[in-house]
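Subject: Structure handover

Hello,

Here is the structure for you to look over. My notes on it follow below.

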Amino acid sequence: MLEDGAKPGEAGPIAPEVFNAGGASPVLLVCEHASNVIPERYGDLGLSSDELTSHVAWDPGADVVARSVATHLDAALVAARVSRLVYDCNRPPGASGAMPEKSEVFEIPGNKNLTEAQKSERIENIYLPFKDKLSSVISGSEQLKVMVTVHSFTPVYFGGQRDLHIGILHDSDSRLADAMLQTAADFTSLDVRRNEPYGPQDGVTHTLIEHGLHHDLLNVMIEVRNDLLALEQDQQIIADLLAKWIAAACEKVGVPLSGDLLGGSLSGGASGGASGTGKATSCPQ
Ligand SMILES: [Zn+2]
């Protein structure tokens, strides 16, 4: 379901999409890097079409996985509709990565030497609508107790190979992350690590702090290596895994989910890892 507000190609505020807004789950899903859309008013930021469809502009596969998990859990999902290169909704205004001039090894010409007015326009039309919508979804629900943000990351970063498959990230409240790490082996033999490949020191926990900690929601940020999400079938395998795993972790922290997620209503698992064959791509978070 698309919420009201301007479409990405139009001027004015661009609200995030709220998918399955009436979901009954106590879990809220968030995907800040769901979209690679550059609204027309920003041109192409000086990037090639290849760059604009690559990891530079978004988290490949994250949106599909987040939607599938939301469906499995009957959870609402708040997903950005604008590329993080225009404004990274997981960064507060003033952060160097909010409107990055460089992303990993990629220069972003259209973000060089932005005026204060240009920065303010992006903050007001992209960041604040995202922040306000997410806040209103949380404040407008008495059932929500958990927030899970879904991301993907590159297998190769600054030329180095990353071995881990899934990162479980947290800020000062580690309860849900602890539960996920403690139950990981029950669901997968993938390489799962705490606060890798990023952590709070990298500034990636803004949404967790702003919307999880400040609203007293249990919270965790999940990072999946994006070569595990290259194929549609792999995305579904990972989504099934995450749905069951999140349900088990929620149960462990005292938030039981309804339904029969652990009893076999979801098929498969990702014990050996999805067989993604996509090219090595990158997400700075
Ligand atoms: Zn991300």
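Residues 24 or more positions apart account for 81% of the protein's contacts with a separation of 6 or more. Two residues are in contact if their C-beta atoms, placed from the backbone, lie within 7 Å. This is a predicted model: local features need pLDDT of at least 70, side-chain atom pairs count only at pLDDT 80 or more, and totals for chains, interfaces and linings use all residues. Numbering starts from 1 along each chain as its sequence is written.

Overall make-up

The protein has 6 helices and 11 strands. Helices (H or I, at least four residues) and strands (E, at least two) are DSSP runs, numbered from the N terminus. Of the 285 residues in the protein, 50% are buried. Buried means that 20 or more other C-beta atoms lie within 10 Å of the residue's own; exposed means 12 or fewer, and partly exposed is in between, with C-beta atoms placed from the backbone.

The core

The largest nonpolar core has 75 residues. Helix 6 (residues 232-252) gives the most to this core, with 11 residues. A nonpolar core is a set of buried Ala, Val, Leu, Ile, Met, Phe, Trp, Tyr and Cys residues joined through C-beta atoms within 7 Å. The residues with the most contacts inside the core are Leu28, Leu29, Ala66, Val69 and Ile246. Leu29 touches Ala66, Val69, Ala70, Ala75, Leu77, Val148 and Val150, leaving out residues up to four places away in sequence.

Strand 6 (residues 146-153) is largely enclosed by the rest of the structure, because 8 of its 8 residues are buried. Val146, Val148, Val150 and Ser152 point one way; Met147, Thr149, His151 and Phe153 point the other. In a regular strand the side chains alternate between the two faces of the sheet.

Strands pair if DSSP finds at least two bridges between them. Strand 2 (residues 27-31) runs parallel to strand 6, joined by 4 bridges. Here Val30 has Thr149 as its bridge partner. Strand 6 also pairs with strand 11 (residues 218-225), in the parallel sense, over 8 bridges. Thr149 has Met221 as its bridge partner in strand 11, and His151 stands opposite Glu223.

Leu218, Val220, Ile222 and Val224 lie on one side. Asn219, Met221, Glu223 and Arg225 lie on the other.

Is Glu142 buried or exposed? Glu142 is exposed, because 7 other C-beta atoms lie within 10 Å. Glu142 sits in the loop between helix 3 and strand 6.

Asp178 belongs to helix 4 (residues 175-187). Asp178 counts as partly exposed, because it has 17 C-beta neighbours inside 10 Å. Its C-alpha atom is 8.6 Å from that of Arg194, 16 residues apart along the chain.

Best regards
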